[in-house]
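Here's a quick tour of the model you have open. Keep the 3D view handy as you read.

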Amino acid sequence: KVNGEKFEFQTEVSRLMKIIINSLYKTREIFLRELISNASDAIDKIRFLSLTDQNALSLAPTLNITIWADKENKVLTIADSGIGMTKKQLIENLGTIAKSGTSEFLNAFEENKADMNLIGQFGVGFYSVFLVADKVIVTTKNNEDKQYIWESTAVNDFTIAEDPRGNTLGRGTQIQLFLKDDALEFLDDGTLRGLILKYSEFINFPIWLWTTQSQVVEVQEPDDVDAKKESTDAKKDDDDQPEVEDVTDKPEEKKERKTTTIEVPGWELMNTQKPLWTRDPKNITDYEYEKFYMSLAKDSNLPFAWTHFKAEGEVEFRSIVYIPGKAPEGLYQKVQDYSRNVKLFVKRVFITDEFLDFIPKYLAFIRAIIDADDLPLNVSRETLQQHRTLQLIQKRVIKKTLDLITDLSKDEKKFQDFLNEFGTSLKIGAIEDNKNRKRIAQVLRFPSSYKGSNSTTLGEYINRMKKGQENMYFITGSSVEEVQNSPFVEGLVARGYEVLYMVEPIDEMLVQHMPGHGGKVFKNIAKGDFKFENEDLAELQKLKSKFTKLIDEMQSTLSDQIEKIEVSARLTTSPCAVVATDWGWTGHMEKIMAAQPF
Ligand code: ADP
Ligand code: MG
């Protein structure tokens with residue numbers, strides 16, 4: 001027991017810990033997943049350093065994770081030969097919470113809206129150790145500092161002391177959990193084996209568990225041993241004799257053989273599979289893809305779809321791209337944050353998941369793993385992003401993602417589920433991605449006045465266009481019910497035209513950036529001058545002269561509010577309608593703008 005320097009936890013950490021200690025969380029086993037995931041991250045980091053620094057690994061060349069239970073003292077230990085922590089990092093990493101999501105997690109959790117299972121997603125996974133332990137000791141050694149001991153019994157403070165034993169770890173981190181009396185199941189071999197298999201199948205470093213395995217061994221009588229010895233000696237002597245099996249011996253042997261079970265302690269390797277993305281897709285089951293996704297994305301929902309491919313030619317890499325089952329919280333609000341959604345490996349070595357804009361914002365929902373062969377291993381994370389190869393990879397990944405989405409669009413029902421989660425993203429894509437606008441436009445869907453259609457593609461609309469119709473008619477509004485009853489729609493539908501209902505806020509922007517599709521131009525029926533094909537101009541002229549007086553009267557009364565009044569054939573039963581100018585905002589756009597907070 002060393003008397004260390006005392007530190008207070010940041011208030012938010014204390015708050016979080018109080019929640020954790022007092023929570024009767026039924027799947028508190030997740031602490032093991034969090035610790036193994038941290039160990040794996042730490043090994044990734046030292047391996048990355050070793051790409052440019054030959055001596056980085058010298059204090060502990062073997063990269064692995066070891067787990068053992070001390071049943072007598074009720075201590076579970078998880079150790080790794082990762083990067084370790086300096087004293088400064090210990091204080092920062094295990095005493096404060098730098099990440100912005102933490103308060104959100106705390107609030108959500110206190111309001112019962114978040115689950116402890118999500119703790120890892122908020123960057124505070126380490127603290128889950130207090131679900132099962134009432135005391136935790138972290139011993140750690142980083143190449144740049146001495147070996148330190150961090151100790152805490154949770155809640156308000158922790159201590160840090162230089163380790164009086166010196167450097168016993170070589171390099172890395174060892175975490176000792178002094179288990180609560182009701183958490184002793186985590187000392188049991190079988191429980192640990194099960195959990196490690198469940199949570200760590202896709203960890204890319206060996207995980208060793210100290211286990212005691214029962215082995216059935218043959219019990220040999222003393223003279224029996226002699227007999228065996230004799231026979232091997234004999235064999236040695238008659239080396240040149242062909243071996244003949246002595247059949248007559250067998251039944252007799254069976255009768256006399258006795259067995260017993262003994263306990264053999266030793267290290268057992270827990271993860272034996274090759275990384276999933278390096279395997280042949282033909283031999284991978286959906287279940288394996290799903291499990292891999294859940295561990296990659298730290299998501300408890302199943303993925304919606306995925307594509308696993310190997311790019312060849314200009315650039316070579318393997319990749320799996322996933323579409324999550326649910327749109328992540330705040331998908332469209334996130335500004336300038338590292339999207340940790342894409343993990344880049346080079347020849348199986350994890351390089352980074354800190355990209356800015358590697359994946360365009362509109363596809364920010366995807367999760368992907370990329371393993372490249374062509375990238376130089378020692379390129380720094382900063383220059384990496386400018387690397388030509390990476391730009392080629394980026395292009396291919398975007399293309400493959402759009403291929404996947406196009407594929408999904410062939411199953412109308414499934415695609416509707418996709419659009420419910422990510423429809424807005426696609427529209428953002430059509431607005432922002434000039435190069436892929438056409439492709440994206442092909443899968444967009446809109447409600448329309450066409451009978452029985454609550455989602456039509458632009459292609460279908462064009463196929464149904466009337467002879468001589470040049471424009472794709474649309475109206476914007478806040479709901480189908482609202483625009484259906486608009487006098488503009490009524491006029492067109494009565495004449496047999498189909499009108500697209502653009503009822504999402506983003507649609508106004510969409511049509512500004514995407515003036516048309518398939519050679520046809522969008523026309524907002526609530527805006528500007530409007531002429532039908534084959535309009536009866538003589539008839540219109542007659543009406544115009546008939547109403548001159550009324551128009552003049554209205555014009556002078558409303559001169560402050562309107563630009564002009566016109567007689568038009570665009571209405572049927574409604575007597576009049578307010579129309580926006582071609583370059584002005586529609587009523588709907590005014591409403592949207594008025595609702596903006598800035
Ligand atoms: P996250 O892993 O999302 O960053 P955690 O709460 O799990 O959040 O861990 C906090 C930080 O503590 C990590 O980012 C890392 O810097 C440090 N850390 C945790 N475990 C280890 C470890 N085994 N080796 C080195 N550093 C670690
Ligand atoms: Mg973690």
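## Asn283 and its loop

Asn283 sits in the loop that links β9 (258-269) to α8 (286-297); helices (H or I, at least four residues) and strands (E, at least two) are DSSP runs, numbered from the N terminus. Asn283 counts as exposed because it has 7 C-beta neighbours inside 10 Å. For the cut-offs, buried means 20 or more other C-beta atoms within 10 Å of a residue's own, exposed means 12 or fewer, and partly exposed is in between, with C-beta atoms placed from the backbone. Between Asn283 and Arg388 there are 33 Å, C-alpha to C-alpha, and 105 residues in sequence.

This is a predicted model, where local features need pLDDT of at least 70 and side-chain atom pairs count only at pLDDT 80 or more, while totals for chains, interfaces and linings use all residues. Residues are numbered from 1 along each chain as its sequence is written, and chains are lettered from A and ligands numbered from 1 in the order in which they are written.

## The chain overall

The protein chain has 19 helices and 18 strands. Of its 598 residues, 29% are buried. Take the contacts between residues at least 6 apart in sequence: 72% of them join residues at least 24 apart. A contact here means that two C-beta atoms, placed from the backbone, lie within 7 Å.

## The nine-stranded sheet

Nine strands make an open sheet with mixed pairing, in the order β1-β6-β5-β4-β7-β3-β2-β8-β9. Two strands pair if DSSP finds at least two bridges between them. At the edges are β1 (5-8) and β9, each with a single partner strand, so one side of each has no neighbour in the sheet. From one strand to the next, the twist averages 25°; axes are lines fitted to C-alpha atoms, for helices over the stretch in contact, and angles run from 0 to 180 degrees between N-to-C directions.

Zoom in on β2 (residues 65-70) and β3 (residues 75-80), an antiparallel pair with six bridges. Ala69 is opposite Leu76 in β3. Four residues lie between the strands of this hairpin, and Lys74 has a positive phi near 60°. β3 is also joined by six bridges to β7 (residues 172-179), again antiparallel, with Ile78 facing Ile175 of β7. Elsewhere, β5 (residues 147-152) and β6 (residues 157-162) share five antiparallel bridges, and Ser152 stands opposite Phe158.

Helix α5 (residues 189-200) lies across β2 and β8 and runs at about 130° to β8.

Helix α2 (residues 30-50) also gives the largest share of the shell around ligand 1, five residues. That shell has 17 residues, and the closest are Asn38, Ala42, Asn93, Gly125 and Phe126; a residue is near the ligand if its C-beta atom, placed from the backbone, lies within 6 Å of it.

## Nonpolar cores

Which residues have the most contacts inside the largest nonpolar core? They are Ala368, Ile370, Phe474, Ile475, Val499, Leu500 and Ile525, in a core of 64 residues. Helix α11 (residues 412-432) gives the most to this core, six residues. Apart from it lies another core, of 56 residues, including Val13, Leu177, Ile196 and Ile203. A nonpolar core is a set of buried Ala, Val, Leu, Ile, Met, Phe, Trp, Tyr and Cys residues joined through C-beta atoms within 7 Å.
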